[in-house]
Amino acid sequence: MTGREKLKPGIYIISLPIGNSKDITIRAIETLEDVDEIYCEDTRVTRKILSIYKIKKTLSVYHDHNGEKIRPKIIDKIKNSKSIGIVSDAGTPLISDPGYKLITLAKKEGLYVSASPGVSAPITALTLSGAPTDSFYFLGFLPTKNKSREQILNDINPLKTSIIIFESTKKINKTLEDIHRILGDRNISICREMTKKFEEIITGRVTEIINLIKESELKGEVSLVIYADKDKGIPDFNIEEIIRGYNEEYSPAILAKKISDNTGIPKKTIYNKIISMKDKDQ
């Protein structure tokens, strides 16, 4: 027993960490402890986070493939005074998963729905990217069929907002090539392994990043942020002025990394600038 008041029957949308297990709210932990049953995408993934916080709870599976069959069962359980928690493998449920269909059905039935908000991969990527945040469009995963992908990219081309896309590392190269061909050489940020030990944010023009990642195989989850339009994106830094502002003696490679980390400008771009300045000064 937790000593807290019993939850009222309904659906509880519970956000989990997207990487770092410490990125969970106290309220989310309490809700996980207090609901009668938890529905998740993969019991193995969810059980890991529950074990970290010593939560013992019945887990059931709810995903795209069984959703039509499971939704009525969940609704019946709530009508029989059960509190049901909904989680995704990572982050906030209902974002690019079938949870919204369950919530839509629950609301039609007049059932109680609550949320324990927390980490969301699209918002985390947007804040890390440096792209304008006053207006943005979340696209989720692009279709796998070429014609459908091209149609969607053509549709978003006129948008004057930042655009957030989920993509697998296996398909990122093709996606970047499609973006370059249809949207142009925009500024983008690839946000990889967010909140984890090897978190990496790669920012630059599409062509720069295509060349950069050819040299290394990306791993982990990727969120891609496309800047608002072709002419805006990375602030118009005076790279030469920034380089000359470093009085300490650094090798070109180390200096390029330091400036890249502070500005988001691709390291290769800065490195080339350092070398060209050295040539001019000689």
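Reply: Ser162, Ile164 and Phe166 point one way from β7, and Ile163, Ile165 and Glu167 point the other way. Both groups are buried. The model is predicted, so read every position here as computed. Strand β7 is mostly covered, with six of its six residues buried. The burial takes in Glu167 as well as Ile163 and Ile165, which point the same way.

Now the partner. Strand β6 (residues 136–141) pairs with β7 in the parallel sense, over five bridges. Phe141 stands opposite Phe166 in β7. In general, strands of a sheet pair through backbone hydrogen bonds, either parallel or antiparallel.

Strand β7 (162–167) also reaches the largest pocket. It is one of the elements that supply at least two residues of the lining, alongside α2, α5 (121–129) and β10 (222–226). Helix α2 gives the most, with four residues. The pocket holds about 1,000 Å³ of space. Its lining runs to 38 residues, and Glu41, Asp89, Ala90, Gly91 and Glu221 lie nearest the centre. By class, the lining splits into 16 nonpolar, 13 polar and nine charged residues.

Next, the five-stranded sheet. Its strands form an open sheet in the order β3-β2-β4-β1-β5, with parallel pairing. The edges are β3 (59–61) and β5 (113–116), and each pairs on one side only. Neighbouring strands are turned by 25° against each other on average, with direction ignored. Inside the sheet, β1 (residues 10–14) and β4 (residues 83–86) run parallel and are joined by four bridges. Tyr12 stands opposite Gly85 in β4.

Helix α2 (residues 43–52), which gives the most to the pocket lining, touches β2 (37–40) and β3. The direction of α2 makes about 150° with that of β3. Helix α4 (residues 99–108) touches β1, β4 and β5. The direction of α4 makes about 150° with that of β1.

Helix α1 (residues 26–34) shows its own pattern of burial. Ala28, Ile29, Thr31, Leu32 and Asp34 are buried there. An α-helix has 3.6 residues a turn, so residues three or four places apart point the same way. The cover over the buried residues of α1 includes β1, β2, α2, β4 and β5.

Last, a residue from helix α6. Asn146 is found in this helix, which spans residues 146–156. Is Asn146 buried, partly exposed or exposed? Asn146 is partly exposed, because its relative accessible area is 41%, and that class lies between the cut-offs of under 20% for buried and over 50% for exposed. Asn146 and Asp178 are 32 residues apart in sequence. In space, their C-alpha atoms are 9.3 Å apart.

Notes. Residues are numbered from 1 along each chain as its sequence is written. This is a predicted model: local features need pLDDT of at least 70, side-chain atom pairs count only at pLDDT 80 or more; totals for chains, interfaces and linings use all residues. Side-chain values use heavy atoms; hydrogens and water are left out. Two strands pair if DSSP finds at least two bridges between them. Axes are lines fitted to C-alpha atoms, for helices over the stretch in contact, and angles run from 0 to 180 degrees between N-to-C directions. Contact means heavy atoms within 4.5 Å. Buried means under 20% relative accessible area, exposed over 50%, partly exposed in between (1.4 Å probe, protein chains only). On a 1 Å grid over the protein atoms alone, a cavity is a set of points where a 1.4 Å probe fits but cannot get out, and a pocket is an open set with protein on both sides within 12 Å along at least five of seven lines; lining residues have an atom within 4 Å of a point. Grid points are joined across faces, edges and corners, and a volume is the space filled by probe spheres set on the points. Ala, Val, Leu, Ile, Met, Phe, Trp, Tyr, Cys and Pro count as nonpolar, Asp, Glu, Lys and Arg as charged, and the others, Gly among them, as polar.
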